[in-house]
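Subject: Structure for your files

Hello,

Here is the structure I said I would pass on. My notes on it follow below the entry.

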Amino acid sequence: MKKQISAFLLAIMLTDCGIVFADEQSAVYKKSTKTEHLKVTKAVEKKKAPTNIVVTTPTLNTVVQYNIIEVSFARDFSTKDCKVGDKVDFMITGGLQTEEGTTLLADGSQVQAEVTEVIQPKSFNRSGKVTMTFNKVILPDGSTVPFDARVYSNKAYLSRGKLNAMGKGLGTTLGTGAIATGAGCGIGVAAGAVVVGGLAIGLPIGIAVGAIAGCCTPGLHYKAKAGDKLLIQLSDNLELAK
């Protein structure tokens, strides 16, 4: 009986020691964990990123989910000659640091994306679209780190803006309209309702013909030149071993 009680008391003592030791470890870990802030570019600052938190420990730097990072196209890009599965490389110019001075990614680091969807331009000035998944960081020494990010936009794809497409469409409309105006004037003359050289009837008909022709033209390809900047947002934590 005495042996059983002694064993029981010893177990309690060891358990207490284990709890104390775990608490001490936890306290040390918490003390060594720091919260820093991602140093962002002016473009990111204007967008008012939802977070810029970076958690650092003696062995790991974690750029938390929803941070926004500015990258640059490494080469010229266009939806005209890309396809699903293509790899697209981006540069992180100057690397990535925190405001407190911690280097997260060295200068020369790259981000690689994979094209997951390509939509070519369509009629009625509907521009081409491309969707990419950013899945890898390539460090200057050639090693890689898992990465999960998307284009920072409401629809998460790249496309020429509506104003660009409308401008292109307007140019087409005016071009075809100038030609069609002559036909419109002819129609006005043939109809016997000519006012001031047939323009009262002919010009509106010509512009209408040009507008219809303009609307039938395809929209614009998405294009970017090497060095063009792009904002991407982390979909998951980016963990970087020290």
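P58, setting aside neighbours within four places in sequence, has S32 and K242 as its contacts. This is a predicted model, and in it P58 sits in the loop that links β2 (53-56) to β3 (60-63). The C-alpha atoms of P58 and S32 are 6.8 Å apart, while 26 residues separate the two in sequence. With a relative accessible area of 57%, P58 counts as exposed, because the cut-off for that class is over 50%.

Q233 belongs to strand β14. Its relative accessible area is 8%, so Q233 falls under the 20% limit and is buried. A polar atom of the Q233 side chain lies 3.2 Å from the backbone oxygen of Y66. Beyond four places in sequence, Q233 is in contact with P50, Y66, N67, I68, D148, A149, R150 and Y152.

Now the core. The largest nonpolar core comprises 33 residues, and F73, F90, M132, F134 and F147 have the most contacts inside it. Two or more residues come from each of β4 (68-73), β6 (87-91), β8 (103-105), β9 (110-119), β10 (129-138), β11 (144-151), β14 (229-234) and β15 (238-241). Nonpolar side chains in soluble globular proteins tend to be buried together.

For F134, again leaving out neighbours within four places in sequence, the contacts include F90 and F147, as well as V111, Q112, A113, L230 and I232. D148, A149, R150 and V151 are also in contact with F134.

Regards

Terms used:
Residues numbered from 1 in each chain as written. Predicted model: local features only at pLDDT ≥ 70, side-chain atom pairs only at ≥ 80, totals over all residues. Heavy atoms only, no water. Core = buried A, V, L, I, M, F, W, Y, C linked by side-chain atoms within 4.5 Å. Buried < 20%, exposed > 50% of the residue type's maximum accessible area, 1.4 Å probe, protein only. Helix = DSSP H or I, 4+ residues; strand = E, 2+ residues; numbered from the N terminus. Contact = heavy atoms within 4.5 Å. Polar contact = N/O pair within 3.5 Å; in protein donor to acceptor, adjacent residues only side chain to side chain.
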